[in-house]
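Work through the exercises below with the sequence and the model open. Each task is followed by a stepwise solution.

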Amino acid sequence: MSDSEEYEYEYDESDQEAMDDGGGGGGSGDEDQSFEYTDDEEGGGQPDGEIALENAYYNAKGERDAGELDEARATFESVVAMEVGQKKKAAGIDTDEMEVDATANAAEGDGGNAPLSPLKYHGTWSYKAIKQLVKLHLRGPDGRAVLRDYARMLRVASSPDAEVSPNHFEKGVNGMLDRVSNLVNNAAGPADDDNADPRALARNVYDLTLAAFHPSTGVSPNERLWFKTNLKYGQLLYEMNETAKLQLVIRDLLRSSGQPTDILEGNAGGSNVDAMLAEGGGSAASASGGTHVMEIAALQIQLYSRMKDAKRLRAAYRRAMAVRGGIPHPRTLALIQELGGKMHMSQRNFDEASQAFFQAFKSYDEAGDRSRLRCLKYLVMASMLHASSINPFDSHEARAHRDDPEIVAMTDLVHAFHNNDIKRFEKILQKNEGRIMDDDFVREHVADLLRTIRTQVIVRNIGPYTRIRLSRISKDLNDVPIEDVEGLLVGLILDGKLDGRIDQVNGILVKKSAAGGEKDSGGEAKKATTPAGEGSVESRNVASLMQLTAALESLTSTISRAGSRGAGSYHQQVLQ
């Protein structure tokens with residue numbers, strides 16, 4: 001091939017083939033395959049058969065780009081048949097037998113359950129042509145044709161005759177998996193025709209890939225690719241909400257890495273991940289064992305979060321966080337930390353949730369993922385619920401995003417929160433209801449946010465007073481109902497943040513210092529304050545029971561004395 005031809009095909013921009021195949025035509029643009037033709041080039045150029053294959057291949061691509069899809073399919077098939085014929089002829093196989101086998105090869109691979117086996121006499125051009133055929137079928141999508149030709153592609157790539165490098169094989173397979181995943185994500189809903197159903201097609205394509213890469217039974221055994229494909233499959237199943245199938249994928253991943261298939265069993269008896277990695281064999285004992293544990297845990301955490309299995313969710317999160325030495329992708333680490341933060345929020349551990357969301361935000365930011373803004377919202381919310389005086393936007397990582405349109409509303413909320421400006425806080429919520437309430441997780445905790453800031457406003461406003469009307473507190477809280485005010489005050493009293501009582505008859509809050517001058521039945525002044533260390537709910541309950549007991553004993557004594565003096569003297573004493 002001349003330099004001009006090499007330049008022409010290497011930069012063919014009709015689609016991603018120039019990238020997928022490492023260059024343009026005939027393998028001369030492919031670094032791994034450029035050495036095949038060294039002797040021929042020294043002898044005066046490529047063989048005529050090789051040139052014919054190359055021309056036919058790029059003619060087919062031209063037809064495809066021109067929209068002549070049926071002609072392109074036929075031409076790609078002719079490339080396969082032509083190369084098979086050349087290789088069989090070179091091997092001394094009879095022409096008639098060659099034609100029969102070529103026809104059979106064109107129809108092989110129906111995507112069934114039959115084990116895959118390498119296809120002989122197929123070379124590099126056959127692999128490229130079949131890959132283009134799969135892409136054409138995916139445009140339909142034509143499920144049966146996709147599975148038939150995808151199986152052919154896997155069988156050709158596993159054959160030594162094709163001379164497909166492992167890197168190109170992996171890249172081609174990952175490209176196909178991404179395409180079928182995109183079909184599922186972009187589908188409006190289940191298709192009426194099973195042959196065109198993206199979900200069924202995706203499951204079958206992944207099953208074929210896993211069968212091909214299976215470490216012991218695959219046509220192209222590769223434990224690393226089998227593990228990576230299972231992870232991608234698990235994520236797709238999670239997005240498709242196929243819980244039962246996802247559990248089977250997780251089970252296979254756990255077995256391959258030497259982990260217990262039951263997360264609770266793995267955490268029983270004080271076992272930890274570090275010990276498991278040190279004692280396990282195979283991939284679990286390798287340097288990537290910790291990374292595998294975290295990647296599997298990310299799938300488990302997503303699954304148990306959706307199933308609302310809090311016990312297994314905590315166990316999976318602890319296992320992931322206990323790993324030392326693992327180097328997962330930042331996006332995987334961010335996913336674990338984000339879901340861990342949500343778990344802490346459900347348990348009302350707002351401080352731990354804030355830390356988890358901040359780490360998730362930094363990991364997403366490192367990965368360049370827009371999900372960092374979502375985690376920043378969660379961080380702001382957890383910080384306010386924790387009633388922290390620290391502004392989350394004081395960190396230099398978060399400061400860079402404070403003016404982002406998606407974050408401005410949360411920034412204003414933080415300012416209003418720290419200023420105890422309840423009116424501005426509620427106004428911001430109403431004005432930005434779309435930006436804030438669109439997130440289901442944020443919407444679940446808006447009521448908690450309002451309760452937190454209202455509580456802070458109450459504590460600040462009643463500080464100088466010993467008696468204050470509930471209507472005044474309601475006005476300070478932007479005219480919330482009196483019933484809500486009473487609920488907030490009861491919560492403060494039970495939490496030990498307010499020492500007082502509610503006079504519901506007169507609608508007044510009486511702080512304990514105002515009741516200090518009241519006399520009990522024995523003429524002694526009641527204590528205005530609770531002794532140090534006795535401010536808990538339990539201690540106040542015990543003190544109330546003791547007071548009730550004393551009052552009952554006093555009443556009993558009074559009745560006994562009255563009975564001895566007669567009914568008249570009893571009534572006289574009571575009236576006094």
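**Exercise 1.** Find the helix that holds L552, then decide whether L552 is buried, partly exposed or exposed.

*Solution.* 
1. L552 sits in helix α27, residues 537–565.
2. The model is predicted.
3. The relative accessibility of L552 is 48%. Buried means under 20% and exposed means over 50%. L552 therefore counts as partly exposed.

**Exercise 2.** Locate S257, classify S257 as buried or exposed, and find which backbone oxygens its side chain reaches.

*Solution.* 
1. S257 lies in the loop between α12 (243–256) and α13 (263–267).
2. Its relative accessibility is 2%, so S257 counts as buried. The cut-off for buried is under 20%.
3. The S257 side chain reaches the backbone oxygen of L253 at 3.1 Å.
4. A polar atom of that side chain also lies 3.2 Å from the backbone oxygen of L254.

**Exercise 3.** Which elements have the lowest and the highest mean pLDDT, and which stretches stay below 50?

*Solution.* 
1. Start with the chain. Its average pLDDT is 77, and 75% of the residues score at least 70.
2. Go to the elements. Helix α1 (residues 3–10) has the lowest mean, 39. Helix α11 (residues 223–239) has the highest, 93.
3. Residues 269–274 are below 50; this stretch has eight contacts beyond near neighbours in sequence.
4. Residues 567–576 stay under 50 as well, with five contacts beyond four places in sequence.
5. Where pLDDT is low, predicted coordinates should not be read in detail.

Note on methods: Residues are numbered from 1 along each chain as its sequence is written. This is a predicted model: local features need pLDDT of at least 70, side-chain atom pairs count only at pLDDT 80 or more; totals for chains, interfaces and linings use all residues. Side-chain values use heavy atoms; hydrogens and water are left out. pLDDT is the predictor's confidence in each residue, from 0 to 100. Helices (H or I, at least four residues) and strands (E, at least two) are DSSP runs, numbered from the N terminus. Contact means heavy atoms within 4.5 Å. Buried means under 20% relative accessible area, exposed over 50%, partly exposed in between (1.4 Å probe, protein chains only). A polar contact is a pair of N or O atoms within 3.5 Å; within protein, one must be able to donate a hydrogen and the other to accept it, and residues adjacent in sequence count only if both atoms are side-chain atoms.
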